[in-house]
Amino acid sequence: MKYSELCDYYERLEDTTKNLEMRDIVAELLEEAPAEDLGLITLASMGRVFPSSVDKDIGIAGKLMQKIVAKAYGASKGEVVEKFKQTGDLGKTAEYFCKNKRQRSLMKRELTVDKVFENLRRLPETTGTGSEERKERLVRELLVSAKPVEARYVVRTTLQEMRIGVGEGTVRDAIAVAFDVPKDKVEKAFFKITDYGEVARIASEKGEEGLEEVEIEVGRPLRVMSAEISESLEEAVEEYDNAALETKLDGFRGQIHKMGDSIKLFSRRLEDKTDQFPEVVQWARECLRPEKCIVDCEVVAVDDEGKPLAFQNLSKRIQRKYDIERMKKEIPVQVNCFDLFYVDGENFMDKELSERWNKLREIVVEKKGKFKLVEHIETDDLEEANKFYQKALSGGQEGIMVKNLDAVYQPGKRVGYWKKVKETMEPLDLVVVEGIWGEGKRSDWISSLMLAVHDPDAGEFLKTGKMATGMTEEQLQEITDKMEELIISEDGRTVKVRPEIVVEVGYEEIQKSPKYETGYALRFPRLLRFRYNKSPDEADTVERLKNLYEKQK
Ligand code: AMP
């Protein structure tokens, strides 16, 4: 497919904000796409370069992109910065310079979708000395051949900032419409292969039956399930006919895949963390009975006596790519298994929790203090539940999970499946979208952060408040380093960053406010902790803000 044809669709999508219209435009695109391009085009409709199961970073931020645009079109860096200030969008800026370029290109040829994504997919592999230049060349090659509108979308795709409002929900619905298959089957297949490109291909070639036949593949990460928040212990326990209560540990969500001797450990964001935790690999080999299985667990840091420690400790290990052996000694961990996806050819996601838990008990051989089942009781007795809850709190845990024993495993946040019960005014998980460089003593740091909630339908982030307190100097340094890698654009002291970093934020109160895109503002927001184990699309939503606002009234 010609890239210009794809861009026509992007433009139509950009012109509407109506969900149904967007769904139909994407469906039309999928129907039009040639069979060999369908996988790619499905991802492209969301502006994704890789499926979510692939843990790769394109690694081009706004500054480098300004340089690339300037070079490609023979403009000065100052001119690009100036134009960018007017448009606020590097895509439109590139489009402008492409239209008015001074340099005639000799190498021009018509762009195809294939060519554009081939170059972009080479970016993460381009590392080491001279990599910036090679990255530059890959993007410039596209810009030189691009028509103005194409330049807009090449730049936006590279920066992973499409501004067309198509998220996974839209694509799921569009696949259902385009290939006349049920939406829930599309979603189910996606849960197993976490790639809408492949799901679209299967739906188009083999229809509903093909989707039903999709199998879990051990070694390929799966989307995990998450909990909603409960108002109180009573509410949670009373909601389910058959409830299980489990300790809620504060570590990192792990997904262990076992294929004989070969073990993989993935994070909640589907990143491969196997190399970081050699002891978990070893234990998994010893403690998981089946030849092949996939287990859901929480990996926590523990002290010498095996007592769980705060997550902050563990984050050092999750990030670390060297000195693994030393880190292993300094920050020992413990694995707590609580759920099951798959055992020896059998998919357990469609089975009820009671069955999954029983099977899990069968297949895990506990290793004292190292590899175990999470503490789990089954009761509808409030007094007993409260005892369990109090014990978790006094043991230094965050709280408990109350789970519906009759519910299947459904990735994402589902009403009526899992609930978490915690003590305090619920903090919010928000995404950092902008920052302001500090002044005076703080001028080396980005010290004020603009926070946003997630809008799952549009795949966008809506601003809801600025946070400038609660951060230590160490944390300021940490967030500055992280944000500098993600800068999309700068305007004076304000930097706009790719929405990647999730922070847990405490606050005094939620107030109505026309100042922010959500219509709500936070009073006295303060940083509780960085949440590198959460992906931005798992951040809290406007719905949640609204509910908390109502609740506090
Ligand atoms: P939150 O991150 O506050 O939304 O809570 C959900 C997270 O709690 C999950 O993603 C897990 O990482 C963690 N967790 C801790 N203990 C459990 C448990 N027993 N069952 C499920 N999730 C747990």
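Biologist: How much area do domain 2 and domain 3 bury between them?
Modeller: This is a predicted model. The domain assignment places domain 2 at 226–422 and domain 3 at 428–552. Of the area lost between these two domains, 35% is on carbon and sulfur atoms. The total buried between them is about 1300 Å².

Biologist: How many residues does the contact take from domain 3?
Modeller: The centres of domain 2 and domain 3, taken over C-alpha atoms, are separated by 28 Å. The contact takes 14 residues from domain 2. From domain 3 it takes 15 residues.

Biologist: Which side chain has an N or O atom 2.8 Å from an oxygen atom of the ligand?
Modeller: A polar contact needs N or O atoms within 3.5 Å. For K534, the side chain has such an atom 3.4 Å from a ligand oxygen. In E246, a side-chain N or O atom is 3.0 Å from a ligand nitrogen. The 2.8 Å distance to a ligand oxygen belongs to the side chain of R253.

Biologist: What percentage of the ligand's exposed area does the protein bury?
Modeller: Taken alone, the ligand exposes 500 Å². Elements giving two or more residues to the shell around the ligand are β3 (243–248), β11 (399–404) and β13 (418–422). The share of the ligand's area that the protein buries is 98%.

Biologist: How many residues of the shell around the ligand are charged?
Modeller: Among the 16 residues around the ligand, those that come nearest are R253, R268, E298, K403 and K420. The shell includes 5 nonpolar residues and 1 polar residue. The charged residues number 10.

Notes
Residues numbered from 1 in each chain as written. Predicted model: local features only at pLDDT ≥ 70, side-chain atom pairs only at ≥ 80, totals over all residues. Heavy atoms only, no water. Near = heavy atom within 4 Å. Polar contact = N/O pair within 3.5 Å; in protein donor to acceptor, adjacent residues only side chain to side chain. Areas by Shrake-Rupley, 256 points an atom, 1.4 Å probe, with all protein chains shown as cover. Helix = DSSP H or I, 4+ residues; strand = E, 2+ residues; numbered from the N terminus. Nonpolar A, V, L, I, M, F, W, Y, C, P; charged D, E, K, R; others polar. Domains from an automatic or database assignment. Contact = heavy atoms within 4.5 Å. Buried area = accessible area lost by both parts, 1.4 Å probe.
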